[in-house]
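Let's take a walk through a protein model together. Keep the picture open as you read, and stop to find each part as it comes up.

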Amino acid sequence: MTTTPSDPTTALPGRPPVVDLTTWQAVRDELLVREKAHTREGDALAAARRRLPMVELDGTVAVVGPDGPVPFLDLFQGRDELVVYQHMWHDGAPHQGQCEGCTTTAWHLKDAVYLNARGVSFAVLTSGPWDEVASYVEFMGYTQPWYSVRGVDAPIGGGMGHIACFLRADDRVFLTYSTTGRGNEPVNGSLALLDMTPYGRGEAWEDNPEGRPVIGDAREGHPSEGRQACWYWRSDADGNATWGPTSRPVPQWTRPGATAVETLGRHGHHH
């Protein structure tokens, strides 16, 4: 028997209609036409990015890493291309008080081995002072290189929250591309997978069917209130969504021996 969307015995409030496989495949194929058009337009945009003009920069500008100040050129690690994520920073904040969006972006960029294999190096830049940054990197267990660009002019320093791409030709350095806001999303694989699921990301701005439960929306630097959700940014030791002195970015709980006391950091206050 063919199940129709209006069948009261199978319909679930706020969920997609229930149909047979043949009907599902037909609707799925219709959506595929739109998805393929989206893919082709994405390819065309990428081709346009590769043709953008470049801006030459001073590659000798110093950034600060674990070995002290080094020239920006060193971040290329001898390769011709470099991608950086420019991580926002709240001075003096405890570890769990750093930017939610930047935390998740950096976590998804934990390993650059496939970039390296294609001649591309990767680093995280942030405007925080190096002593605070080093403590945070250790706390989070990050493995990619981090550098402080405090006091450095844009586009290496300046405003944070960007992905930027650079090209090296011998000792010359060029900015080729930069994006911010939702332009940063492609590196966050979790968002792409959530977009494939029936409940989506669980943010209030999403266009969902009537009656669909909404988990909430995230506002950086604010606790969860009402429909605001911090669940995919921070939790307590038991995995409950929370924001405060006993919370931390969710993946950090996976570290062996991590304790809630650590989250107070050196300052023990919320920025």
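This is a predicted model: local features need pLDDT of at least 70, side-chain atom pairs count only at pLDDT 80 or more; totals for chains, interfaces and linings use all residues.

**A guided tour**

The accessible surface of the protein comes to about 15,400 Å², and carbon and sulfur atoms hold 57% of it. Areas like this come from the Shrake-Rupley method with a 1.4 Å probe, and for residues only the protein chains shown count as cover.

Residues are numbered from 1 along each chain as its sequence is written, and side-chain values use heavy atoms, with hydrogens and water left out.

How confident is the predictor? pLDDT is its confidence in each residue, from 0 to 100. The protein averages a pLDDT of 83, and 78% of the residues score at least 70. Over residues 217–228, though, pLDDT stays under 50, and the model has 30 contacts beyond four places in sequence for them. Residues 261–271 also have a pLDDT below 50, with 31 contacts in the model beyond near neighbours in sequence. (A contact means heavy atoms within 4.5 Å.)

Now for the overall build. The protein has five helices and 10 strands; these are DSSP runs numbered from the N terminus, with helices being H or I over at least four residues and strands being E over at least two. Of the 271 residues, 37% are buried. Buried means under 20% relative accessible area, exposed means over 50%, and partly exposed is in between (1.4 Å probe, protein chains only). Take the contacts with a separation of 6 or more: 55% of them are between residues 24 or more positions apart.

Why is α2 described as largely enclosed by the rest of the structure? Eight of its nine residues are buried, so the rest of the structure largely encloses it. Glu100, Cys102 and Trp107 are among those buried residues. And what covers them? The cover includes β4 (81–87), α4 (130–140), β6 (146–148), β9 (234–235) and β10 (248–249).

Some of those elements turn up again in the largest nonpolar core, which has 21 residues. A nonpolar core is a set of buried Ala, Val, Leu, Ile, Met, Phe, Trp, Tyr and Cys residues joined through side-chain atoms within 4.5 Å. Two or more residues each come from β4, α2, β5 (120–126), α4 and β7, and α4 gives the most, with five. Apart from this core lies another, of 20 residues, including Leu57, Val63, Leu75 and Ile156. There's a general pattern to keep in mind: in soluble globular proteins, nonpolar side chains tend to be buried together.

Back in the largest core, Tyr136 is one of the residues with the most contacts inside it. Leaving out residues up to four places away in sequence, Tyr136 touches partners including Trp89, Gln98, Thr103 and Trp146. Follow that list to Gln98, which sits in the loop between β4 and α2. Gln98 is buried, with a relative accessible area of 2%. Its side chain reaches the backbone nitrogen of His90 at 2.9 Å.

Next, look for charges. Side chains of opposite charge can pair when their charged atoms come close. A salt bridge is a side-chain nitrogen of Lys or Arg within 4 Å of a carboxyl oxygen of Asp or Glu, and the whole structure has five of them. In one, Arg168 meets Asp80 at 3.6 Å, N to O. Arg168 is in strand β7 and Asp80 in the loop between β3 and β4, 88 residues apart. Arg168 counts as buried at 18% relative accessibility, whereas Asp80 is partly exposed at 46%. Another salt bridge joins Asp91 and Arg150, with the closest N and O atoms 2.5 Å apart. Asp91 lies in the loop between β4 and α2 and Arg150 in the loop between β6 and β7, so the pair ties together parts that are 59 residues apart in sequence.

Finish with some backbone details. A cis peptide bond joins Ala154 and Pro155, with omega about 10°, and Pro155 is in the loop between β6 and β7 (162–169). Asp170 isn't a glycine, yet its phi is positive, near 60°. Asp170 is in the loop between β7 and β8 (172–180), and it counts as exposed at 64% relative accessibility.

Note on methods: pLDDT is the predictor's confidence in each residue, from 0 to 100. A polar contact is a pair of N or O atoms within 3.5 Å; within protein, one must be able to donate a hydrogen and the other to accept it, and residues adjacent in sequence count only if both atoms are side-chain atoms.
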